[in-house]
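We will go stop by stop, with something to select at each one.

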Amino acid sequence: MLKPGGILIIDHRNYDYIIKHGALPNCSSKLYYQGDRIHKIKTSVLTVDTQATMVTLDYEIDITGIPFGKDQSMREKPDGRIIPVSNFRLSYYPHRLANFSAMLAEEFGEGVEHQILSDFQKDPPVDYIPSYYVHVLKKQ
């Protein structure tokens with residue numbers, strides 16, 4: 001429940017782009033993940049009866065300077081350096097922007113101002129492809 005004057009902020013990936021292209025938008029890895037530890041992100045889209053039902057992101061993280069563990073391997077970076085990496089996987093239900101916005105409108109109803117930002121930008125350039133949509137809901 002959102003109290004009068006309350007604000008709810010929700011972000012989600014640009015699944016519309018991921019479903020259409022089978023990959024993350026180019027700027028994705030630096031929006032939330034600062035630094036150079038992410039070596040690679042592989043994207044998979046599971047479809048069932050022509051509908052996208054899951055997006056899986058397989059991460060390879062540079063763990064240079066961290067003690068070796070069982071779940072790591074070695075990879076060559078573009079500059080030729082060999083680095084230790086660790087792998088992990090995140091899976092999501094791919095909420096499309098229009099469907100997610102409709103779901104929020106249905107849940108919160110009238111009296112809620114709903115603003116959608118693209119990577120925290122209110123008015124991005126026309127050709128800008130966001131990595132994330134940020135929904136800002138404010139109850140009147």
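A pocket, on a 1 Å grid over the protein atoms alone, is an open set of points where a 1.4 Å probe fits, with protein on both sides within 12 Å along at least five of seven lines; a cavity is a set of points where the probe fits but cannot get out, and lining residues have an atom within 4 Å of a point. Grid points are joined across faces, edges and corners, and a volume is the space filled by probe spheres set on the points.

This is a predicted model, in which local features need pLDDT of at least 70 and side-chain atom pairs count only at pLDDT 80 or more, while totals for chains, interfaces and linings use all residues. Residues are numbered from 1 along each chain as its sequence is written, and side-chain values use heavy atoms, with hydrogens and water left out.

**Stop 1: the largest pocket**

Select Ile-19, Thr-50, Gln-51, Ala-52, Thr-53, Tyr-93, Pro-94, His-95, Arg-96 and Asn-99. These residues line the largest pocket. The space in the largest pocket is about 150 Å³. Which strand gives the largest share of the lining? Strand 3 does, with three residues. Helices (H or I, at least four residues) and strands (E, at least two) are DSSP runs, numbered from the N terminus.

Now colour the lining by type. Four residues are nonpolar, five are polar and one is charged. Here Ala, Val, Leu, Ile, Met, Phe, Trp, Tyr, Cys and Pro count as nonpolar, Asp, Glu, Lys and Arg as charged, and the others, Gly among them, as polar.

**Stop 2: two residues of the lining**

Pick Thr-50. Thr-50 sits in the loop between strand 2 (38-48) and strand 3. Its phi is near 70°, a positive value in a residue other than glycine. Is Thr-50 buried or exposed? At 73% relative accessibility, Thr-50 counts as exposed. Buried means under 20% relative accessible area, exposed over 50%, and partly exposed in between (1.4 Å probe, protein chains only).

Next, click Tyr-93. Tyr-93 is in the loop between strand 5 and helix 3. Beyond its neighbours within four places in sequence, Tyr-93 is in contact with Tyr-15 and Thr-53. Contact means heavy atoms within 4.5 Å.

**Stop 3: Tyr-15 and the aromatic pairs**

Tyr-15 is buried, because its relative accessibility is 4%. Setting aside neighbours within four places in sequence, Tyr-15 contacts Val-55, Tyr-92, Tyr-93, Pro-94 and His-95.

How many aromatic pairs does the whole structure hold? A search finds two. Rings of Phe, Tyr and Trp (its six-membered ring) pair if their centres lie within 6.5 Å; planes under 30 degrees apart count as stacked, over 60 as edge-to-face and the rest as tilted.

Show Tyr-15 with Tyr-92. Their ring centres are 6.2 Å apart and their planes are at 50°, so the pair is tilted. This pair links distant parts of the chain: Tyr-15 is in helix 1 and Tyr-92 in strand 5 (residues 82-92), 77 residues apart. Tyr-92 is partly exposed, at 24% relative accessibility.

Then show Tyr-59 and Phe-88. This aromatic pair is stacked, with 4.6 Å centre to centre and 5° between the planes. Tyr-59 in strand 3 and Phe-88 in strand 5 are 29 residues apart, so the pair links distant parts of the chain. Tyr-59 is buried, with a relative accessible area of 1%. Phe-88 counts as partly exposed, at 36% relative accessibility.

**Stop 4: the largest nonpolar core**

Which residues make up the largest nonpolar core? Select Tyr-15, Ile-18, Ile-19, Leu-24, Ala-52, Val-55, Leu-57, Tyr-59, Ile-61 and Ile-63, 10 residues. A nonpolar core is a set of buried Ala, Val, Leu, Ile, Met, Phe, Trp, Tyr and Cys residues joined through side-chain atoms within 4.5 Å. Helix 1 (15-21) and strand 3 (51-62) each supply at least two residues of this core. Strand 3 gives the most, with five residues.

Zoom in on Ile-18. Not counting residues up to four places away in sequence, Ile-18 touches Arg-13, Ala-23, Leu-24, Pro-25, Thr-43, Val-45 and Val-55.

**Stop 5**

Select Ser-101, in helix 3 (residues 97-108). Ser-101 counts as buried, at 15% relative accessibility. Ser-101 touches His-114, Ile-116 and His-135, not counting residues up to four places away in sequence.

Finish at Phe-120, in the loop between strand 6 (112-118) and strand 7 (132-139). Phi of Phe-120 is near 70°, a positive value in a residue other than glycine. Phe-120 is partly exposed, with a relative accessible area of 46%.
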